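Visitor: I have a model open and want to learn how to read it. Please take me through it step by step.

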Amino acid sequence: MTAMSFELSPEHEQFRRTVRDFAEKEIAPHAGRWDREHHFPVDVVQKMGQLGLFGLTAPDEYGGADGDFTSLCVAIEEIGRVDQSMGITLEAAVGLGINPILTYGSEEQKQTWLPDLVSGRTLAGFGLTEPGSGSDAGATRTKAELVEGEWVINGSKQFITNSGSDITSVVTVTARTGGGGDAPPEISSLIVPSDTPGFTAEPAYDKLGWHASDTHPLSFEDVRVPEANLLGERGRGFAQFLAILDDGRVAIAALAVGCIQACLDMSLQYAGERQTFGVPIGRKQGLAFQIADLEVMLQSARLLVYKAAAMKDAGAPVKDFKQAASIAKLHATESAVTATRIATQVFGGYGFMEEYPVTRFYRDAKVLEIGEGTSEVQRMLIARGLGLPVE
Ligand SMILES: Cc1cc2nc3c(=O)[nH]c(=O)nc-3n(C[C@H](O)[C@H](O)[C@H](O)COP(=O)(O)OP(=O)(O)OC[C@H]3O[C@@H](n4cnc5c(N)ncnc54)[C@H](O)[C@@H]3O)c2cc1C
């Protein structure tokens with residue numbers, strides 16, 4: 001019998017040090033300013049590309065490292081530990097930008113888009129959510145009709161990450177391509193280059209957090225793309241995005257682990273420095289026990305994330321991986337929100353002041369429970385995975 005291992009490999013840990021070094025030098029010193037100025041730092045995004053972070057899981061023929069999903073989770077965790085905005089930029093660039101094209105694209109589509117996306121020279125978005133359909137993503141209203149060899153797209157999308165930056169080259173969108181009436185809607189995915197006439201990335205949102213990430217509403221008015229821009233099989237758009245989101249959930253959970261780690265690091269340091277009643281606040285059980293809870297959250301979330309990532313890398317059955325992905329997402333993201341509440345409390349009044357990064361993490365954490373499937377959606381999926389007939 002071989003012993004079970006709960007550790008990442010030495011190679012993964014070495015890679016973690018490389019990404020941490022990059023994050024601390026290139027991102028951490030500027031993250032507060034980008035947040036205040038709502039600035040999306042294209043040059044640093046492209047530096048992440050030069051480090052190879054966008055291409056970790058892509059095959060080498062498109063410029064990728066042919067690496068494993070676990071490495072991507074390590075990278076997202078480490079970037080997210082210093083800046084959740086840059087963490088989500090990386091997560092969405094790979095999980096939502098590159099993955100749909102890599103997984104379902106024709107060879108020609110891959111050759112056209114992937115080399116620049118993988119190197120980080122450009123970014124892609126994934127437009128699923130609409131004003132009237134988020135959790136209920138199958139209720140897509142955006143329509144695409146085939147007219148004389150072109151798809152004509154009309155509709156709108158909302159909250160789309162990496163969709164309107166200066167280096168966004170393309171978005172993949174879901175649209176109704178048939179069905180309706182009594183028949184179930186036929187939903188397909190289409191590739192829309194961002195310079196296509198009629199396609200508009202509307203002004204960026206004013207968000208609670210993730211200020212340095214790029215998020216826009218998108219509108220489509222008689223947007224025409226060639227018939228060959230259909231991604232994968234016609235009518236498979238719904239199934240495609242469900243599969244894409246499974247990986248995305250683990251990746252978002254890795255971002256949440258980075259957030260919890262940041263909360264622990266900041267709290268530990270502050271608890272050793274700040275004095276009340278003549279002693280460091282870390283001497284007080286009421287405070288120290290909360291920090292102990294942070295460590296428990298960190299270790300449990302990390303185990304769930306890397307277990308799910310290892311399942312993906314080992315080619316575990318889809319049903320098992322889906323369940324593990326939802327469990328990791330739910331636990332890690334809810335823990336991250338709790339962790340930011342504890343960490344701001346540790347900082348007392350300073351925890352409410354923007355000069356301390358803990359405040360930024362507090363604002364950034366909330367969306368982790370919402371994006372790529374809300375906590376309620378994860379509970380629904382987990383309950384279904386248990387065989388419950390939940391709606
Ligand atoms: C910053 C940000 C970036 C995003 N990036 C992207 C992106 O790149 N691409 C993309 O396509 N989308 C993106 N999203 C959208 C995100 O995935 C959706 O917001 C999310 O899935 C929830 O959908 P909704 O906002 O329509 O909420 P709704 O679906 O309207 O949900 C409202 C509330 O009802 C609950 N609810 C809904 N259905 C059920 C149910 N069956 N049972 C119990 N409770 C339920 C929800 O959990 C939630 O609490 C992003 C969102 C944000 C905020």
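Visitor: Where does the ligand sit?

Guide: Two ground rules come before that. This is a predicted model, where local features need pLDDT of at least 70, side-chain atom pairs count only at pLDDT 80 or more, and totals for chains, interfaces and linings use all residues. Residues are numbered from 1 along each chain as its sequence is written, and side-chain values use heavy atoms, with hydrogens and water left out. Now the idea: on a 1 Å grid over the protein atoms alone, a pocket is an open set of points with protein on both sides within 12 Å along at least five of seven lines. A molecule sits in a pocket if more than half of its atoms lie within 2 Å of its grid points. Here, the ligand sits in the largest pocket.

Visitor: Which elements give two or more residues to the shell around the ligand?

Guide: Helices (H or I, at least four residues) and strands (E, at least two) are DSSP runs, numbered from the N terminus. The elements in question are E3 and helix H10 (375-385). E3 gives the largest share, 3 residues.

Visitor: How many residues surround the ligand?

Guide: A residue is near a molecule if one of its heavy atoms lies within 4 Å of it. The ligand has 17 such residues around it, and the closest are Thr-129, Ser-135, Phe-159, Thr-374 and Glu-376.

Visitor: Is Lys-157 buried or exposed?

Guide: Buried means under 20% relative accessible area, exposed over 50%, partly exposed in between (1.4 Å probe, protein chains only). Lys-157 lies in strand E3. Its relative accessible area is 1%, so Lys-157 is buried. Its side chain makes a polar contact of 2.8 Å with that of Glu-130.

Visitor: What is the phi of Phe-159?

Guide: Phi is near 60° in Phe-159, a positive value in a residue other than glycine. Phe-159 is placed in strand E3 (residues 150-161). Phe-159 is partly exposed, at 49% relative accessible area.

Methods. 1 Å grid on protein atoms, 1.4 Å probe; cavity = no way out; pocket = protein on both sides within 12 Å on 5 of 7 lines; lining within 4 Å. Polar contact = N/O pair within 3.5 Å; in protein donor to acceptor, adjacent residues only side chain to side chain.
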